[in-house]
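Subject: The structure, and some notes on it

Hi,

Here is the structure I promised to pass on.

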Amino acid sequence: MSTAPVEPPQRLVSALSGDPDSPVRKWLAALPTVVQQRLDAWDLTLERVQAPGGRGSLVALVRQQDGTPAALKFPVPGQASAREGAALAAWDGWGAVRLLRSDETGGALLLERLHGAVSLRSLPEAKALLEAAGTVRRLWVAPAEGHPFETLAGRTEEAVAALETTGALVPAAGPLVDEARELRRALPAGSTEQVLLHGAFRQGKVLAGERVPWLAVGPAPVVGERAYDLAGLVLDRFEDLVAGSGGAATARRRVARLADSLEVERDRLRAWTLYLAVAAGVRESAAGDRRHGELLLEFATWL
């Protein structure tokens, strides 16, 4: 049990809406009290809040009653975060961080503690891609009957609407946005695969552990085809490819290598990667990071 004050990290505070009446700001204002209540209810001793932390959750490093280290996570409320615990429970530590307890009412997750400062991005690129592919393969399981997860097809209209809104703010990207929009509409209908996906997979979402060397964290679970998860890996460290020579050829080889190693169709992986690159590129350009956005759009043209 702990009485130490809890302050949300500045990165999380800055990432959330500035409207004091928005639901996420109300959640943020109540967070110190909610964290303390969960520490007390689960007999946890607070060591410290992880900083700088992420933009989508508060993570506190804690000790359980028997002294075992753990991590107490409070995801920002939303549809994806509401299903995170269900996905971790489905994987039960196979390829992903193990869920120890969950509070379905408040959204808190008690997780096994990993080495938060050590992700696959700390490895050389070739080794990181190999380990990432081995990790994500373990997550692709058949969802249980009556599962609570969205499907890729179900997310399509929302995704297309978001792309149209942000794309309108970046007129120069018009042809790429049109292509990406059509891909996003067509791709879910072109596959019969229905496996549980991480939904936000990349090297930075795989952390070093004690139980096994590498475990995935932070899913935004969705049910659909495996190529969607792999597309995030194709985009990993894309800045290095853009900065180097022969980047376009290297990007296409990466698509081929990942697709072949995990028995995914190359064309579908290319298409999902193009969609994700364009969606991220116009989103970042519209938000003011034009340089990063333009690099993502350039990467998309190579595919």
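Below are the notes, grouped by topic.

Before the details, please keep in mind that this is a predicted model, where local features need pLDDT of at least 70, side-chain atom pairs count only at pLDDT 80 or more, and totals for chains, interfaces and linings use all residues. Residues are numbered from 1 along each chain as its sequence is written, and side-chain values use heavy atoms, with hydrogens and water left out.

Let's start with the aromatics. Rings of Phe, Tyr and Trp (for Trp, the six-membered ring) pair if their centres lie within 6.5 Å; planes under 30 degrees apart are stacked, over 60 edge-to-face, and the rest tilted. That rule gives four aromatic pairs. One of them is Trp 272 with Tyr 275: the ring centres are 6.1 Å apart and the planes stand at 80 degrees, so this pair is edge-to-face. Both residues belong to helix H11 (residues 266-286), and because they are three residues apart there, about one helical turn separates them. (Helices are DSSP runs of H or I with at least four residues, strands are runs of E with at least two, and both are numbered from the N terminus.) Trp 272 and Tyr 275 are both buried, where buried means under 20% relative accessible area, exposed means over 50%, and partly exposed is in between, using a 1.4 Å probe and protein chains only. Together with Tyr 228, they form one aromatic cluster.

Phe 299 and Trp 302 make a tilted pair, because their ring centres are 6.0 Å apart and their planes are at 50 degrees. They sit three residues apart in helix H12 (residues 290-302), so about one helical turn lies between them. Phe 299 is buried at 0% relative accessibility, and Trp 302 is buried too, at 14%.

The charged end of Arg 38 is over Trp 42, 4.7 Å from the ring centre, and that of Arg 138 is over Trp 94, 5.8 Å from the centre.

On to the strands. E4 (residues 99-102) and E5 (residues 109-112) run antiparallel and are joined by three bridges; strands pair if DSSP finds at least two bridges between them. Leu 99 has Leu 111 in E5 as its bridge partner. The two strands form a hairpin with six residues between them, and Gly 107 in the turn has a positive phi of about 85 degrees.

Ser 119 is part of strand E6 (residues 115-119) and is buried, at 13% relative accessibility. Leaving aside residues up to four places away in sequence, Ser 119 touches Gln 203, Gly 204, Val 206, Leu 207 and Trp 214, with contact meaning heavy atoms within 4.5 Å.

Most residues other than glycine have a negative phi, and most peptide bonds are trans. Ala 51 and Pro 52 are joined by a cis peptide bond, with omega about 5 degrees; Pro 52 is in the loop between strands E1 (45-49) and E2 (57-63). Which residue has a positive phi of about 55 degrees although it is not a glycine? Arg 237 does, and so does Glu 263.

Cheers

Notes
Lys NZ or Arg CZ within 6 Å of the ring centre and 35° of its normal.
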